Amino acid sequence: MMGASGREPGTGFRLRGALAAGFAALLLASAAEAQIVLRDVSSATGIDFRHTDGSSGRHYIVETVASGLATLDFDGDGLIDVYFLSGAPLRGTKADGPLPKNHLYRNLGGWKFADVTGRAGVGDTGFGLGVAVGDCDNDGWPDLYLNNFGPNVLYHNNGDGTFRDVTARAGVGRGNKVGAGANFLDAAGDGHLDLFVANYIQFSYELERTEAIRGVPMYPGPLLYPPQPNQFFRNRGDGTFAEATQSSGIGGDAGTGMGTVLADYDNDGRTDIFVCNDAMRNFLFHNLGGARFEEVGLAAAIAFNYGGAAYGNMGADAGDYDNDGLVDFFVTSYHRQLPALYRNSGDGFFEDVVNRSGAGRGAFGNVKWGCGLVDFDNDGFKDVFIGCGHLQDNIEAVDDTTTYLAAPVLLRNLGNGRFLNVSDSSGDGLKVKMVARGVAFDDLDNDGDVDVVVLNSRRQPNLLRNMLNETGSKHHWLQVQLRGVKTNRDGVGARVRVVAGDLVQIAEVPSGRGYQSHYGSRLHFGLGSHERVDRVEVHWIGGGVDCAEDVAVDRIAIVVEGRGLVPTTASGGYWTNVHNSGRRKGSGVGRSKAGLASEAALISGPSCCVPGASC
Amino acid sequence: MGEGRKSERPGAGSRFCGSCGTARKVGLWCVAAVAAAATGVYLSGSRSLRGRAPLEDGPPESAAAEQRAQPGGALSGQTGIEDQRPAPGSAQRPSESVPQTPASLYAEAYQVLKRLNERFPNSPDATEMMARLQSISGNTAEAVRLWKEILRSNPDYAYAHVGLGSVAAKKGEHEEAAEAFRRALAIHPQLTATYLDLADSLVKLGRVEEAAAVLRKYLEMEPRSAAGMILLGQAYLQSKEYEKAKTQFEAAILVTPDSPPAQYGLGTAYARLGQSEKSKQAMARCLELRSKLRSVTEDQRSLNDDLGLARENVEKLYSGAGRVYAAAGDLRQAEELWLKAAAVNPKGVDCRRQLVVLYRRSERFQDALEICRQLIEIDPGNADYQRVREVIQGRSRP
């Protein structure tokens, strides 16, 4: 392990140019081998969750924005589970039968899931909007924070498959607001995860607005309501939080928050917060250190789209789409609006390159929600997935250029700064008409490619299985799971840099992402045709660095802070969580590639030095 | 020139486009352009409007004569102004009851346009009006059908291409949209607003340099168009020509100081040029303006309050329908529709301009002056209205 004061700001600012261009052709050729196929496997998974938005008939605006979901390994068995949020009856809703609630489905392997909501105790019946996942007490088990319309909930993971509601003790209930995205982050670098809570609007039933287009009743837009400041809670490290909305600088700007995502956009080693606002300027909260933030969206040219317009923004993701060492942002939007792809220039500015990159092709006509910068074909470049579906259930009565139900859009990253709409040729999962809201991306079957879960408003979700291996892809991959020791347990905010030949990628451990959702705690790196990884660097919050060289591919690597890559204990399962060694193993179904990987165990080279670190 | 082609396709509404100087056929709206060019009285100002009428004499009657001369004879027997002179003072009559909801406004407009199409079944102009209503009403499939129907008999009917482009643009089919807009401009290069549509589609396709070229051409024709300057500035920003971008935004702000996108663009350009203080000032101004405009933003209006939009749309439809009647010589019906349009949209300019022309030519000077008064009230900064009023006042004196 090495210490470092920051994140190589010098090297991080532009690796592109000749280098990137040089291997782009090679990667293009490589990428051509791998066709993305996402198969809709929803019906056979055992997931019977059906979302409700409250549907009062009175067109309350909150109905339109529900809900997000989370993919997380809540029980540490190495299989990623799914937690769906649901709305709840609103004033005037005809409700009979049991109250709708959130549902947790445990991944049994082999694309089978079991509803464990009752046993786990996470069936909140509040009006669920956003969710964040983070181990806020560093006990090794991911906790859940629900950002509701109404009181919020913090579920503490007991580590035995159950959770308990600790909201009151933790002090993060945050009143009766309309929530949005939420994120755990170590804002002060003290090893404890603080909590950012986005809010949408100031809504009450008394503030109900009714709207119509040519006499047809419609849901109102957010600008008819006063905006609402976001909130920030400092983790005291004793299981309680102190609200620090004002002292942190978060509360100075009222917005119409929707999707939120974390990223160290300026490579200063501190986690920043991006909030996309609905029909208002976006916020970029620059972390100044000491849990203080400054909103710099305008100055960084990320507040509006390329035309200076405040679009109806919905979901947001962060990722280095052009592998230049800088985190970029992708933001989805309303219909007849392009999404935005904010390319990080490395000089404190962003540039919306959605037009010339083609990252919005095929999505203009639909309302766009959950999104991900995700490498589906393991070519080393992050593709774009956009969940679609209108918020007006009767939109076709007034506008035949868009639809309530809409298929998702998949844009393949060509590795040259451009994207290609491959929705029509990427499997039946891209042909399913959905009413997407939250979308999550994780490797649900541990086969080395990223799958998709879509939460649909008023409907059952869709699970899209990535068939990359089945289509004969020769691309390799590496997944990295972090275990913080001095820093927060899951490594939220830590940056991983993976070097395989000319292919250099970065990713940061997220908490809260996309459209009011959470996914991707285990970082995924496609490697193209590279059969070894030259180097894996982990830059922990606070400056510590772990590094390994000559790492084998097609496996899940665990990096423990201060120890670097650690070998896994493979005993019939995919892999065993080091921290939770001795607990239940993976079920062993559907092993294929991943099973082989775990049995071979991780092979890591000697620890290595990175520039600026003391070795 | 042009006569040969005109005789080839005798369908009503195909006209010789004098303003282009070419032998091309255009839609109804070109008549106004021809008239304006002939009189030399253009009203300068914002982005050009379809069919904006000149306020002084022009050749609408030539179009009417052309229409009357066409086979079919449906319009034969229609006489000129003297035969149909409405009673003086109609401009000051209380307007008839106006529907107060978007749905009823559009429903009434549908009936008006249905009658128009029944009266002129072979008129592409009438069909185009109905297509526009269908498009506005969200029934773009029917609009597309109508525009294509027009193009089958009138391939050079520019506004049908514009309509098809607009639907493609709404759907995000920007390649098709750009192609349609280009076709329209090839037929009728004076359709200035279409340059903006074309540039917007090109920008969305990432073809920024092409868009910039289109916008430069547009600004040669409309040198005071803030919309054009802003779009060009944005194109320059995307091509990293920050100094040029700054120049465009500065020019736009001179025309429209209250434009948030212009201020934002200027702030961005300044920032890229390293002028951080100026950037901050422009950004602060942008936020201030956005805050002021928040309750009436386009986004909000289109999503939440479409009564104002419906009034504007229906006014334009009635103004256009009135022109079809006027072109056919039925000035009484034309006047009725323009008055109806004025009642529908108290801030409507297009219909009032038509009325000024009509009243002035029929020597109903008091009515013309009343409409001028309304125009000045609507747009007090437009010196042309003052000038036209003075002209009419001069002619109305014994």
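Modeller: In this predicted model, helix H12 of chain B has 13 of its 13 residues buried, so it is largely enclosed by the rest of the structure. A residue counts as buried here if 20 or more other C-beta atoms lie within 10 Å of its own. H12(B) covers residues 226–238, and its 13 residues, at 1.5 Å a residue, should span 18 Å; the end C-alpha atoms are 18 Å apart, which agrees. The span is taken as 1.5 Å times one less than the number of residues. Just after H12(B), B:Lys240 takes a positive phi of about 65°.

Buried residues make up 54% of the 398 residues in chain B. Of the contacts in chain B with a separation of 6 or more, 53% are between residues 24 or more positions apart.

The average pLDDT of chain B is 80, and 73% of the residues score at least 70. Over residues 1–54 of chain B the pLDDT is below 50, although this stretch has 131 contacts in the model beyond near neighbours in sequence. Residues 297–304 of chain B also have a pLDDT below 50, with 15 contacts beyond near neighbours in sequence. Where pLDDT is low, the predicted coordinates should not be read in detail. For the model as a whole, the scores are ipTM 0.88 and pTM 0.86.

Chain A is built from 7 helices and 41 strands. Of its 615 residues, 66% count as buried. Residues 24 or more positions apart account for 63% of the contacts in chain A with a separation of 6 or more.

A buried element of chain A is strand E31, residues 436–442: 7 of its 7 residues are buried, so E31(A) is largely enclosed by the rest of the structure. E31(A) runs antiparallel to strand E32 (residues 451–456) of chain A, and 5 bridges join the two. In this pairing, A:Phe441 has A:Val452 of E32(A) as its bridge partner.

Another antiparallel pair in chain A is formed by strand E5 (residues 103–109) and strand E6 (residues 112–115), joined by 4 bridges. A:Tyr105 stands opposite A:Asp115 in E6(A). The hairpin of E5(A) and E6(A) has 2 residues between the strands, and A:Gly110 takes a positive phi near 60° there.

Chain A also holds an open sheet of 4 strands in the order E19-E20-E21-E22, with antiparallel pairing. Strands E19 (257–263) and E22 (292–295) stand at the edges, each with a single partner strand, so one side of each is left without a neighbour in the sheet. From one strand to the next, the twist averages 25°. The partner of E22(A) is strand E21 (residues 283–289) of chain A, and the two pair in the antiparallel sense over 4 bridges. Here A:His286 stands opposite A:Glu294 in E22(A).

The last point is where the two chains meet. The contact takes 29 residues from chain A and 34 residues from chain B. On the chain A side, the elements that give two or more residues are strand E13 (211–213) and helix H6 (354–357) of chain A. The residues on that side divide into 14 nonpolar, 9 polar and 6 charged.

Technical notes: Residues are numbered from 1 along each chain as its sequence is written. Chains are lettered from A and ligands numbered from 1 in the order in which they are written. This is a predicted model: local features need pLDDT of at least 70, side-chain atom pairs count only at pLDDT 80 or more; totals for chains, interfaces and linings use all residues. Two residues are in contact if their C-beta atoms, placed from the backbone, lie within 7 Å. Ala, Val, Leu, Ile, Met, Phe, Trp, Tyr, Cys and Pro count as nonpolar, Asp, Glu, Lys and Arg as charged, and the others, Gly among them, as polar. Two strands pair if DSSP finds at least two bridges between them. A residue is buried if 20 or more other C-beta atoms lie within 10 Å of its own, exposed if 12 or fewer, and partly exposed in between; C-beta atoms are placed from the backbone. pLDDT is the predictor's confidence in each residue, from 0 to 100. Axes are lines fitted to C-alpha atoms, for helices over the stretch in contact, and angles run from 0 to 180 degrees between N-to-C directions.
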